[in-house]
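Visitor: I am new to reading protein models. Could you walk me through one, feature by feature?

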Amino acid sequence: MPAAKELILRGMPVSRGFARGRVFVYRQYLPELVERRLKPRETAAEVRRFRAAVEHAKAELGALHQRVKSDMGRDFAEFIDVQLALVADEELLSETEQAIRENYRNAEYAYAETLKRLTRPMTGAAASLFRERVLDVLDVGSRVLKHLLGEAFPSLHSVEAGTVVVARDLPPSEAALLDSKRVAGLVLEGGGKTSHTAIMAKAKEIPAVVGVESLLREAKEGQEVVVDGYRGLAILDPTPRRLASYQSDIELYNRHREILAGLAEQEAVTLDGRMLDLSANIEFLTEARTARRNGARGIGLFRTEYLYLSRLTPPTEDEQYEVLAEVAKAMKPGPVIVRTFDLGGDKVVPGYVESNPFLGWRGLRLCLDNLEFFKRQLRAMLRASAHGTVKIMFPMVATIEELRRAKLVVASVKRELKRERVEFDDGVEVGVMVETPSAALLAERLAKECSFLSIGSNDLTQYTLAVDRGNERVAGLYDHFHPAVLELIRMTIAAAHNAGIWVGLCGEFAGDPLGILVLVGLGIDELSVSPALLHEAKKIIRSIDSGTAREIMQAAMKLGTALEVRRLLRRELHRRFPKLAEFIFEIGGDNGGQ
Amino acid sequence: MLRCRVVIPGPVGLHARPAAEFVREAEKYRSRVRLAKDGVWVNGKSILSILTLAAESGSDVTLEVSGPDENEALAALRTKLEQVT
């Protein structure tokens, strides 16, 4: 067999790691089914066969509902409610049965044709919100057909170990149950960084690349493929040389994971005995469990926007409360720092557009203008505080008045809850996320009026350098080692300590090996990183001492450019902690910690 | 037979979740339930049919109920539509 030509496809990396395996093309469609004419006396049995298939599908969805609810939380199970209604749809069932009885058609054909006919107005509907339901309809349809055809439909639950799933996107019922023991990697033609499937892959630690153009045209079933979840590559029919190079990357990566996983039970303590709180940034419940397993002491940043964006309608107080309470219980007695909604106005008010969203109506500003909405979330947070240690954090604070007003709202919600005799922790800590230059400059004053500060380094970098990192033309100017950003971080940490409160950092800076070196040098109390980075961060903390880190930090603080800072940090890390440097930069080479 | 008109509230209209809830409620009654928008009538006990109406926020929908328990059904289903979120 002539060697196939290697093809490198590029996309966006959404879940780190490497995978090598065989392509499994997941296609979701209703197949062209064979049309069979029944004899009149066969129709009754055919109707029974059809009903049995529907019952099977219903039972499966019921079980899926339970599993997704306990695994992922009720929010994620909502789509199954809709699927349950679809599978039992009166028109769909009665028209299918009619086609079997009166037109003497076989069940598969009758069902698929009826489904097509009933959904035709929907696929053509102008309203995109309704159009996305087509995915659910197809999902339900293929489930019933699978039963009629006797498991002839391949599903991700039954693929062999070492499979790389290739698809346009996955329906929610497949994404929710991706099994990392079987699915080695995931490559999608569609999807974005924040798509449901991308989030699932990350939570399940399956290396994934999304947004890969012409993927489905190029990838063939059973083809060999390498997924590079670091660089965002899918390499089809890799050459022997490429494979050898990736094979060593993969082995290295697995060895690293093993070594690092051994640290889960260890403390995040420096060589000279300085203890740090190492926490995790999460977006949803299942990540809390990963964080716990990976040895996080608490949740340093619980982003609540997903609670809002994952659905078409704002979540109720009870819905928010349930998720928050579950996370609080999962991390108990560790703290869970919940950030109040950090949403842009466009996400909250339909049709609202502004010319400069990053400087616009968003975050705490928006919440203070929508008190009912804000109070509902605060009530949910406070009620959840009865189940563990919950702390409240406000995003996008630029002035002291905003903090004061937000605190007044918290106080009034507490009074309400007391009047209603609802249980909550009256001593809940309230803190500020420092992500505007103004908040960093005012840190000393803010620190006097709250219980903690947490530096959001991503937005702080963006606002300080006036760079939108999503804009390709200027993204190169974005660097969290810019001396101006370092100076604001230094000021914030010093201000918190002067006021006698603790301070953390929850941006990408905390997951950057060189960043950790600087932060330990600055005496930070808490670091919060994504659950997948916990082990590596702990390894770094445990391999350095705060005295040396301080010396390196002081030298870095004198430099004039981000590049100089990076060079110095890298050089010093190699010089002072050679074994650690070798370990960190073994995978993917020393790219400066980027 | 009873009929009433409802203007669909909420930010996104009669989408999948409220439609599923509506169907669950409708199935509790023996009466026949129908919905119409722009003169197109559909079965109110079928989520597929309801979704094909594409009743966005602000659209004018007619609810029709006929059967032995039509009074209770109309009241309950009308409330469901008025509370779409």
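**Helices, sheets and loops**

Guide: Let us start with a pair of helices. In this predicted model, α20(A) passes α21(A) in a right-handed crossing.

Visitor: At what angle do α20(A) and α21(A) pack, and how far apart are their axes?

Guide: Helix α20 covers residues 457-465 of chain A, and helix α21 covers residues 483-498 of chain A. They pack at an angle of about 125°, with axes 9 Å apart. That angle makes α20(A) oblique to α21(A).

Visitor: Which residues make the contact between α20(A) and α21(A)?

Guide: From α20(A) come A:Leu460, A:Thr461, A:Thr464 and A:Leu465. From α21(A) come A:Ala484, A:Val485 and A:Leu488.

Visitor: Let us turn to strands. Do β14(A) and β15(A) pair in the parallel or the antiparallel sense?

Guide: Parallel. Strand β14 (residues 452-455) and strand β15 (residues 502-505) of chain A share four bridges. To see one, find A:Ser454: its bridge partner in β15(A) is A:Gly504.

Visitor: What stands opposite A:Gly504 in β16(A)?

Guide: A:Glu526 does. Strand β16 (residues 526-529) of chain A runs parallel to β15(A), and two bridges join them.

Visitor: Which residues of α22(A) meet residues of α23(A)?

Guide: A:Pro513, A:Ile516 and A:Val520 are the ones in α22(A). In α23(A) they meet A:Ala537, A:Ile540 and A:Ile541. Now look at the geometry. Helix α23 spans residues 534-543 of chain A, and α22(A) packs with it at about 45°, axes 10 Å apart. So α22(A) is oblique to α23(A). The crossing is right-handed.

Visitor: How does α22(A) pack with α25(A)?

Guide: At an angle of about 85°, with the axes 10 Å apart. That makes α22(A) roughly perpendicular to α25(A). On the α22(A) side, the contact uses A:Leu514, A:Leu517 and A:Val518. On the α25(A) side, look for A:Arg566, A:Leu569, A:Arg570 and A:Leu573. Helix α25 itself covers residues 562-576 of chain A.

Visitor: Now a whole sheet. What is the strand order in the open sheet of eight strands in chain A?

Guide: Read across, not along the chain. The order is β1-β8-β7-β3-β4-β5-β6-β2, and the pairing is mixed.

Visitor: Why is one side of β1 and of β2 of chain A left without a neighbour in the sheet?

Guide: Because β1 (7-10) and β2 (12-15) stand at the edges, and each has a single partner strand. Ignoring direction, neighbouring strands of this sheet are turned by 30° against each other on average.

Visitor: Which way do β7(A) and β8(A) run?

Guide: Antiparallel. Strand β7 (residues 224-228) and strand β8 (residues 233-236) of chain A are joined by four bridges. Check A:Asp228, which stands opposite A:Leu233 in β8(A). A helix packs on this sheet too: α10 (residues 240-261) of chain A touches β3 (18-26), β7 and β8. Its direction makes about 110° with that of β3(A).

Visitor: What is the strand order in the sheet of chain B?

Guide: Four strands form an open sheet in the order β1-β4-β2-β3, with antiparallel pairing. The edge strands are β1 (2-7) and β3 (40-43), and each pairs on one side only. β1(B) and strand β4 (residues 60-66) of chain B are joined by six bridges. There, B:Cys4 stands opposite B:Leu63.

Visitor: Which strands of chain B does helix α3 lie across?

Guide: β1, β2 (32-37) and β4. This helix, residues 70-82 of chain B, runs at about 160° to β4(B).

Visitor: Loops next. Where is A:Asp237?

Guide: In the loop between β8 and α10 of chain A. Look at its backbone: A:Asp237 has a positive phi of about 45°, although it is not a glycine.

Visitor: Is the peptide bond from A:Lys332 to A:Pro333 cis or trans?

Guide: Cis, with omega near 0°. A:Pro333 sits in the loop between α13 (317-331) and β11 (335-339) of chain A.

Visitor: Last, step back. How far apart are the C-alpha centres of domain 1 and domain 2 of chain A?

Guide: They lie 31 Å apart. Domain 1 is 7-28 + 155-239, and domain 2 is 252-276 + 431-594.

Technical notes:
Residues are numbered from 1 along each chain as its sequence is written. Chains are lettered from A and ligands numbered from 1 in the order in which they are written. This is a predicted model: local features need pLDDT of at least 70, side-chain atom pairs count only at pLDDT 80 or more; totals for chains, interfaces and linings use all residues. Domain bounds come from an automatic or database domain assignment. Two strands pair if DSSP finds at least two bridges between them. Axes are lines fitted to C-alpha atoms, for helices over the stretch in contact, and angles run from 0 to 180 degrees between N-to-C directions. Angles under 35 degrees count as roughly parallel, over 145 as roughly antiparallel, 65 to 115 as roughly perpendicular and the rest as oblique. A crossing is left-handed if the near helix is turned anticlockwise from the far one by less than a right angle, and right-handed if clockwise. Two residues are in contact if their C-beta atoms, placed from the backbone, lie within 7 Å.
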